[in-house]
Amino acid sequence: MIIEMAKIRVLGPIAQLSATVRALQDAGIVQPIDTACPRGMQRCGESPTVRRRRRHLERVLARIDEAIATLATLGITIVDMRGAPLAEPRLARLSARLRDQVIGLANRRRELVDERDTLRSYEPLFADLDALLAGARRVSVYLLRLHGSSVLAELRAALDRAFGPDYVLRSHVLRSGESIVLLVVPASRAEDIDRELAAAHVERAPLPTAVDRLPLADALRTMRPRLAEVVQALERVHADAIALGRAHGDDLARGRRYCHDELVALDAEQHAAISKRAFVLEGWTPVRDQNRVTAALTKPEIAVEEIARNEWAGEDVPVVLANPRLFAPFEALTSLLPLPRYGTVDPTPFVAVFFPMLFGVIVGDVGYGLVLLALALVLRLASRRSAARSIAKIAAAVSIYTIVFGICYGELFGDLGMQWFGLHPLWLDRREAVLAFLVLALALGGVHLCIGLVVAAANRWRRDRRDAIGRGLTAVMLALLAIALLALFDRVPAMFLMPAVIALLVTLVIVIVLEGATALLEFMTVANHVLSYARVMALGTASVMLAVVANRMHGAFGSAALGIAFALVFHLVNFAITLFSPTIHVMRLHYVEFFGTFFEPGGGPYRPLRHWSPAPVVS
Amino acid sequence: METLSMSIAAAVAIAGCALATAWAQSKIGSSAAAALAEKPELRATAILMVAIPETMVVLGFVVAVLILLRGS
């Protein structure tokens, strides 16, 4: 249901505006709105001082956010922290200093990581390096990068042809698929190999910046100790980042909260109307929380009054939905649509009743219901997220209806219950009574839409009586049409036929007079929507027939084991379809057909002035 | 002969509706996927839009059932 809202007005001396806004922020239950300016007052606006302060806070906040984000890249998570922040000037200095320090650490880390990765790509060659370079004084050393193993084989073949055994080659394949090659040849053949490599367009491997100016042989000897140095330097960077986080993390977290809160409070102050001596601030609050607003504003010079409803009727009031615990999980389904307009009807309670019921009518199988109930329990126990828990509760409600209707239909995994346990339909055998099931589906649709029309009529009675009467009469026409059809097919005595038809025609004329010719079109639309509920029968029949086919499989194959395996797979597929298809169709029946009778979207969300809260952080 | 013609009529009723539904859903589905890529908040509308043409196949199924029941 949509809870009742009150429009309140807070008045006080201008010097108390800031403190009042902060007190309302602490309470967290008032949504400030642009205040109507009484004579002699003007909108608070943004003075140059406030503008400068806003810019200053935004700058500090940007620095803090950048420092926190950069610390996160260094593996340090700053957890949100409540408490007194540093004084503003100190916070500004700290944010600037910390941001620079943290960015410096991040840049240093990036360089070291790049160097370490490059050095590690050569690491497998280090083992052979000393042996290759120790004995031979006059050699030329080449470090090459090759793309693909076939190129390496071609290089070996070319070197064999050109130098015979007078060369040494060591290679290592990188994760990227490239090969790093260390080639040692006699110094006397250096010119030849330079020419060969240039002709073959073989690329020289890049060296880390720290050693790229040394001769290659010296550079290669230097790289191993350099790798150890780089690893140590990285550890020092990480230790520095941890030290920074420990020393100033709390200050950053409190500072971020403070800046956000101050900016929100400055925004809220802009909504006030002010004179030289006083201020007025208006806002929305739930009626049930009105006393808390008064309690939050303790100073005697501050007054709170409720603005009479007739002064604000028709305004865009924020919408707060509050449903009993049993219905609340179904807000997950209604939240997929826009909020209902204030003063109209929250469809959640209706969805909570009819969604599981229609699902149960469609699936109606004790076995599938029990499996679904087990899944709902597992999801409820395993998940800590509120959305998942809501889904688990919806699944539990749906499974209970599925079991109940399964008992009514006498179905347990299709006709398996009948074969094994002698289960019999208490009400309806869906495999045989297809027509009766169709009538049941259409009857459910008629009742569902009639309820929607009656709800719409009751809700609109105060605002637009002509429209309310039109909706009510449409519900009556639907009922009369149902009676006429039942009489036509001998389901009720034939004496009801003519009175029902005459009453239907008379009602139709009244509705057309009240609402115009479009009323006829609307009635046809509603009647068409009733037909749409035939999907309940179609899906239900398909579901039970698939289950029956699955049960026939154990006899359809030569091997009983193979047949049972196929039957299980078929039941699994049917269960998956059962979870998905009825959910979509029942949602559609609600969103399109049922909500179309009474739902009025367009409500704005309730956004009270409150303290900032960060998105959940996984530390 | 009558059973055969009844069966063919039922098959045509549901097959025609199924093809029409498939064609409509292919058009709506691709457009809905494109819209969702830009505006994820339209997911409820997208689901509705894709589900709407299924009314055709549902009604086709009902007509097929009625034909078969009449035949039997």
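Let's start with one helix, α10 of chain A, residues 348-363. At 1.5 Å a residue, its 16 residues should span 22 Å, and its end C-alpha atoms are 22 Å apart, which agrees. The expected span here is 1.5 Å times one less than the number of residues. Helices are DSSP runs of H or I, at least four residues, and strands are runs of E, at least two, numbered from the N terminus.

A word on the source. This is a predicted model: local features need pLDDT of at least 70, side-chain atom pairs count only at pLDDT 80 or more, and totals for chains, interfaces and linings use all residues. Residues are numbered from 1 along each chain as its sequence is written, while chains are lettered from A and ligands numbered from 1 in the order in which they are written.

Back to α10(A). How many of its residues are buried? The count is 13 of 16, so the helix is mostly covered. Buried means 20 or more other C-beta atoms within 10 Å of the residue's own; exposed means 12 or fewer, and partly exposed is in between, with C-beta atoms placed from the backbone. After the helix comes A:G364, with a positive phi near 40°.

Now the cores. A nonpolar core is a set of buried Ala, Val, Leu, Ile, Met, Phe, Trp, Tyr and Cys residues joined through C-beta atoms within 7 Å. The largest has 72 residues. Touching the most other members are A:F355, A:L358, A:F359, A:A441, A:A534 and A:V536. Leaving out residues up to four places away in sequence, A:F359 touches A:V398, A:Y401, A:T402, A:P582 and A:V586. Contact means C-beta atoms, placed from the backbone, within 7 Å. Another core lies apart from it, with 18 residues, including A:L57 and A:V237.

On to chain B. Its elements run α-α-α from the N terminus, with zero strands. Why call it spread out? Its radius of gyration is 17 Å, well over the 11 Å that the globule rule gives for 72 residues, so chain B is more spread out than a compact globule. That radius is taken over C-alpha atoms, and the rule is 2.2 Å times the number of residues to the power 0.38. The C-alpha trace spans about 55 × 15 × 5 Å along its principal axes. In chain B, 21% of the residues count as buried.

Last, where the chains meet. Chain B puts 12 residues in contact with 15 of chain A. On that side of chain B, α2 (43-51) and α3 (54-71) each give two or more residues. α3(B) gives the most, with seven.

Notes: Contact = placed C-beta atoms within 7 Å.
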